[in-house]
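Keep the viewer open as you read.

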Amino acid sequence: MLQYIESNKERFLSELFDLLRIPSISTDKKYKDDVIKAAEFLKNKLSEAGADNAELCATPGYPIVFAEKIIDEKLPTVLVYGHYDVQPADPLSLWTTPPFEPEIREGKIYARGACDDKGQTYMHVKAFETMMKNGTLPCNIKFMLEGEEESGSEHLEGFVTENKDKIAADVILISDTGIIANDVPAITVGLRGMSYMEVEVTGPNRDLHSGLYGGGVPNPINVLTKMIASLTDDEGKITIPGFYEKVEVLSDAQRAELAKAPFDQAFFKSEIGLKDVQGEKGYSTPERVSIRPTLDVNGIWGGYMEEGAKTVIPSKAHAKISMRLVPFQEPEEITEIFTKHFESIAPESVSVKVIPHHGGDPAVIPTDSVAYKAASKAMETTFGKTPVPVRSGGSIPIVAMFKEQLGLDSILMGFGLDSDAIHSPNEHYGVFNFMKGIETIPYFYQYYAEMMKS
């Protein structure tokens, strides 16, 4: 099996490059044909690898790529989830090379989607091919790859609820997370949830001359920035009433266990060009980015933004705000209390509109399941070290949805690094990580099948 992987390395990379060249940006309708093209690419590659019933399943949005290989109904079934859509590549000027022209530099594949999630999804396709070509697939496998993850997975839950028999499995395997370092493997056992919205502040009924009106009327940008600034205090706490009411509070013992994961704060700062860190008082940096909730402005705009000067007081100002949630916080409730609070702090001189976008529940994965133990043993086999269980600050809302709708836990066995610049210019994914994933995944199937027998 290892010989097959090594001898086909260049082809695996070439195929991944073909997938990365497709600008499958699900949030922008002008890329609709490209998103569908990426789905068709994966369907064809799964079929070529030996899957049966490879198809595009229609949804009201982009299709779900489904394929399966049932070798024995009595054997356990693994459902592989991944996504083939990617984030927008803006700002293009900050990319060293074009985002959809993949290039390897210093052992890393640079392209939008290289890590999130085309590279990690494609590892599963090639691992499946490897097992099929070598006759080592030990259990049943199904693939469910979506094209709307980066735009909120709006239609995935509907597909899941309507196709429970089709996608029935014993466990879900996902690679959309990472490891601590290339010599420190990890399995993600916790994810934060999400509440995401857009806010709009409106003042005068049109843009006004700042000389004729300045000082006498509300400036929506000034008002919006003050409102946003009031949402957190000087100790990094979120000031929305009721926000922390249901937040999970970890014991000192739990925090000490999480602190065992290696973390180099000096490297953390230097890698992203910071002189110092900041965040909620009383918590370490790893805790702030994993077990504590947050509120961040993801974008803010209004008024004149072109080259040169234009002295106006804008009619409107906008911002996009996301809140990462921890266990027991409910996105719908957080959205509701945010909306109520934001409207309440607006001065009477302006009107405010809050537009909810998407959200998702936090999730915690048990570490005593057969599937977790199989994943741990698989990583130990290929890395030579037992993986560290970690909580991630990121959100994969479908994990909680799978648990609710299917009653299944997900195994989050990813191979990316925090430094891979996902969602940012110059996103990249190590060739080592891509190939290590293809090598490790078959061991998961082997150990999972063996452990389920015993």
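In helix H2, the residues Phe12, Leu13, Glu15, Leu16, Phe17, Leu19 and Leu20 are buried, where buried means under 20% relative accessible area, exposed over 50% and partly exposed in between, with a 1.4 Å probe and protein chains only. Helices (H or I, at least four residues) and strands (E, at least two) are DSSP runs, numbered from the N terminus. Bear in mind that this is a predicted model, in which local features need pLDDT of at least 70 and side-chain atom pairs count only at pLDDT 80 or more, while totals for chains, interfaces and linings use all residues. Residues are numbered from 1 along each chain as its sequence is written, and side-chain values use heavy atoms, with hydrogens and water left out.

Axes here are lines fitted to C-alpha atoms, for helices over the stretch in contact, and angles run from 0 to 180 degrees between N-to-C directions. Glu15, Asp18 and Leu19 of H2 make the contact with Ala38, Phe41, Leu42 and Lys45 of H3, contact meaning heavy atoms within 4.5 Å.

Now turn to the strands in that cover. E4 and E5 belong to an open sheet of 3 strands in the order E4-E5-E18, with antiparallel pairing; two strands pair if DSSP finds at least two bridges between them. The edges are E4 and strand E18 (428-430), each pairing on one side only. Neighbouring strands of this sheet are turned by 30° against each other on average, direction ignored. Between E5 and E18 there are 3 bridges, and Ile109 stands opposite Tyr429 in E18. H2 packs on the sheet by touching E4 and E5, its direction making about 25° with that of E5. H14 lies across E4, E5 and E18, at about 60° to E18.

Elsewhere, look at strand E8 (residues 186-191): 6 of its 6 residues are buried, so E8 is largely enclosed by the rest of the structure. E8 runs parallel to strand E16 (residues 388-391), joined by 4 bridges, with Ala186 opposite Val388. With strand E15 (residues 363-364), E8 pairs in the antiparallel sense over 2 bridges, and Gly190 has Val364 as its bridge partner there.

Finally, some backbone details to inspect. The peptide bond from Asp90 to Pro91 is cis, with omega near -5°, and Pro91 sits in the loop between strand E3 (77-83) and E4. Another cis bond leads from Asp116 to Asp117, with omega near 0°; Asp117 is in the loop between E5 and H4. Ser153 has a phi near 50°, a positive value in a residue other than glycine, and counts as buried at 14% relative accessibility.
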